[in-house]
Structures are given as C-alpha cells and as structure tokens.
Amino acid sequence: MSEQDHLFAQPQAKVADFIFNENVARVFPDMIKRSVPGYPTIVENIGVIAAQFAQPNTVLYDLGCSLGAVSQSLRRHVQCDSTKIIAVDNSTAMIQRCDEYMSAQSSMYEELQPIEVIEADILSLDLLPASVVALNFTLQFIDPEKRLSLLRKIHSALHPKGALLLSEKIRFESQADQTLLNDLHIAFKRANGYSEMEIAQKRSALENVMMIDSIEVHRQRLQEAGFTSVTPWFQCFNFASFVALP
Ligand SMILES: Nc1ncnc2c1ncn2[C@@H]1O[C@H](C[S@+](CC[C@H]([NH3+])C(=O)[O-])CC(=O)[O-])[C@@H](O)[C@H]1O
Ligand SMILES: O=C(O)C(=O)Cc1ccccc1
C-alpha cells in the first residue's frame with residue numbers, strides 16, 4: 001500500500017514547479033485517486049477497451065506509465081496472441097518502482113503478457129508497430145508545441161484496427177462551464193480530505209507544468225495528426241477519456 005499524500009499540507013514560502021520525483025512516486029497511487037475523479041474507472045476500462053483493439057504481433061504502449069496502473073489493467077484484460085506491453089516514463093523514481101511491481105507480478109504469474117519497462121522521453125522514442133497506445137493523463141505534461149508531432153508519430157505506428165486511448169484534464173470554452181466543473185473538481189478534492197492549503201499550493205505547483213486543452217482543441221489536433229474519429233467514452237467533471245481511431 002502506498003503512503004498518504006501530504007506533499008502540499010505545510011505552507012511553503014515559494015511553491016516550486018511540480019516534478020515527478022521520489023516524493024511524488026512514493027504517494028502517487030493515493031494522490032491520483034484522491035485528485036482525479038473517475039481515475040479507477042478509467043484505468044479499469046482502458047483494459048476493457050484495449051481488448052477490443054489489440055491485434056496479434058503488435059505492441060500495446062503505456063506512455064507516461066508512472067507506476068504502471070494502465071499496464072496492469074492491460075495485463076488483466078487483454079488476451080491476444082503475441083502482443084507485448086511496453087511501459088515508458090522519463091521519471092527515474094516512477095520507472096524504478098514500476099519495474100519492481102511488474103517484475104514481481106511476472107514472476108508470480110507465468111501466464112501474464114510480457115512487459116518491458118523503459119525509462120525514456122516519449123518525444124524521442126521510436127515506436128514499434130502498435131495496436132493500442134494509452135496516453136493516460138500524460139499529454140497534458142507535454143510541451144503544447146510538441147503535442148501534434150507526438151500524435152503524428154503515434155498515428156504512424158498504429159495498426160489500422162488499433163486505437164489511441166487518451167485521457168486528459170480538460171478546460172471548457174464556456175466560462176460558465178469552466179467555473180462550474182473546476183469548482184466541482186475542487187469539491188471532489190475537499191471530499192477526499194485535501195485542505196484548502198493543499199489544493200491551492202498544488203494548483204500553483206502545476207500552473208507552469210500542466211497545460212490543459214479543451215475537447216475542441218484535442219479533437220482538432222487529433223484530426224490534424226490523422227485520426228479519423230475521436231469519441232469521448234468517459235467524463236467526470238473536468239476529466240475526460242477518448243478513443244481515437246486511425
Ligand atoms: N516526455 C515524457 N516522456 C515520458 N514520460 C513523461 C513525459 N512527460 C511526462 N511524463 C510522465 O507522465 C506521467 C504523468 S502521470 C500518468 C499517470 C499514469 N498514466 C496512470 O495511469 O497512472 C499523470 C498525472 O500525474 O496526472 C508522469 O509519470 C511523468 O513522469
Ligand atoms: O491534482 C490535480 O489538480 C490534477 O489536476 C491532477 C494531477 C494528479 C496527480 C498529479 C498531478 C496532477
């Protein structure tokens with residue numbers, strides 16, 4: 001079991017930019033569950049959706065895998081011949097723990113899908129032919145100017161019957177919607193035990209690091225990258241998940 005997240009509980013003179021370091025990795029399962037409404041539902045159903053798109057002799061990518069929650073869901077749900085999961089993250093703290101969890105699982109259950117855990121920047125990674133690519137709350141941490149070329153690279157690697165599974169925090173073009181859904185997200189955090197101080201300091205830590213797009217911007221960019229359909233399959237407050245088809 002992971003520790004409870006108290007990273008922003010004490011007042012800080014100057015809140016530093018958020019980074020995925022050892023302190024974050026240690027509390028990450030607790031942090032993401034209490035911060036992202038719908039996270040357990042999204043992770044579980046990415047496995048269910050992936051099972052519909054997985055093709056033999058292809059890779060299933062978990063890009064920005066953190067501790068590998070999506071990879072574990074893929075392992076639970078996808079039973080397709082000769083597929084391999086590749087989980088990638090550029091945070092040393094995350095990838096080391098992810099590798100430990102996955103290796104422990106692999107040695108306990110021999111029938112599990114093979115998995116490779118790689119420490120790398122997904123922007124400079126060459127992709128093998130893939131049928132499923134999951135970007136579960138990862139694109140929002142990529143420099144906005146580099147998002148289109150990343151999506152183009154993913155589109156080029158995708159099997160015609162494959163899918164990109166994209167989850168993101170989203171902003172709303174209507175100010176009324178933005179205010180309502182942002183307030184509801186804050187209420188969700190409060191209901192999960194975060195104080196006003198924790199909520200405010202984390203918001204400030206994320207300000208320069210996590211750039212949020214609207215559904216319309218995502219749709220447009222995905223189309224420009226070559227995707228022919230973009231279907232939202234889940235939304236809870238200002239968090240959404242999409243299936244994009246090549
Ligand atoms: N350029 C990059 N290359 C590789 N990894 C990156 C890069 N930029 C950021 N990351 C990694 O993307 C992950 C984003 S968290 C994903 C949750 C996970 N998918 C989950 O389903 O639990 C989302 C969140 O914390 O809101 C972090 O582990 C970063 O190190
Ligand atoms: O906490 C938030 O406000 C978020 O938007 C999501 C999040 C979750 C975990 C790490 C970074 C951001």
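The exercises below work through selected residues of a predicted model.

Residues are numbered from 1 along each chain as its sequence is written, and chains are lettered from A and ligands numbered from 1 in the order in which they are written. Because the model is predicted, local features need pLDDT of at least 70 and side-chain atom pairs count only at pLDDT 80 or more, while totals for chains, interfaces and linings use all residues; side-chain values use heavy atoms, with hydrogens and water left out.

**Exercise 1. Describe the setting of Asp 89.**

Step 1. Asp 89 lies in strand E2, residues 84-89. Helices (H or I, at least four residues) and strands (E, at least two) are DSSP runs, numbered from the N terminus.

Step 2. Asp 89 is buried yet has no salt bridge. Buried means under 20% relative accessible area, exposed over 50%, and partly exposed in between (1.4 Å probe, protein chains only). A salt bridge is a side-chain nitrogen of Lys or Arg within 4 Å of a carboxyl oxygen of Asp or Glu.

Step 3. The nearest side chain of opposite charge, Arg 97, is 12 Å away. In this count Lys and Arg are positive and Asp and Glu negative, while His and the chain ends are not counted.

Step 4. The side chain of Asp 89 reaches the backbone nitrogen of Ser 91 at 2.9 Å.

Step 5. Leaving aside neighbours within four places in sequence, the contacts of Asp 89 include Gly 64, Cys 65 and Ser 66. Contact means heavy atoms within 4.5 Å.

**Exercise 2. For Asp 121 and for Ile 122, decide: buried or partly exposed?**

Step 1. Asp 121 lies in the loop between strand E3 (115-119) and strand E4 (130-136). Ile 122 is also found in the loop between E3 and E4.

Step 2. The relative accessible area of Asp 121 is 32%, so Asp 121 is partly exposed. For Ile 122 the value is 7%, so Ile 122 counts as buried.

Step 3. The side chain of Asp 121 reaches the backbone nitrogen of Leu 123 at 2.8 Å.

Step 4. Beyond four places in sequence, Ile 122 is in contact with residues including Leu 63, Gly 64, Val 88 and Ile 142.

Step 5. Ile 142 lies in the loop between E4 and H5, and is buried because its relative accessibility is 11%.

**Exercise 3. Count the aromatic pairs and describe the one formed by Phe 8 and Phe 18.**

Step 1. The whole structure holds six aromatic pairs. Rings of Phe, Tyr and Trp (its six-membered ring) pair if their centres lie within 6.5 Å; planes under 30 degrees apart count as stacked, over 60 as edge-to-face and the rest as tilted.

Step 2. Phe 8 and Phe 18 are stacked, at 6.4 Å centre to centre and 20° between the planes.

Step 3. Both lie in the segment before helix H1 (22-35), so the pair ties together parts that are 10 residues apart in sequence.

Step 4. Phe 8 is buried at 9% relative accessible area, and Phe 18 is buried at 7%.

Step 5. Phe 18 also pairs edge-to-face with Phe 20, at 5.1 Å centre to centre and 80° between the planes. Phe 20 is partly exposed, at 27%.

Step 6. Phe 8, Phe 18, Phe 20, Phe 28 and Phe 141 form one aromatic cluster.

How values were computed: Polar contact = N/O pair within 3.5 Å; in protein donor to acceptor, adjacent residues only side chain to side chain.
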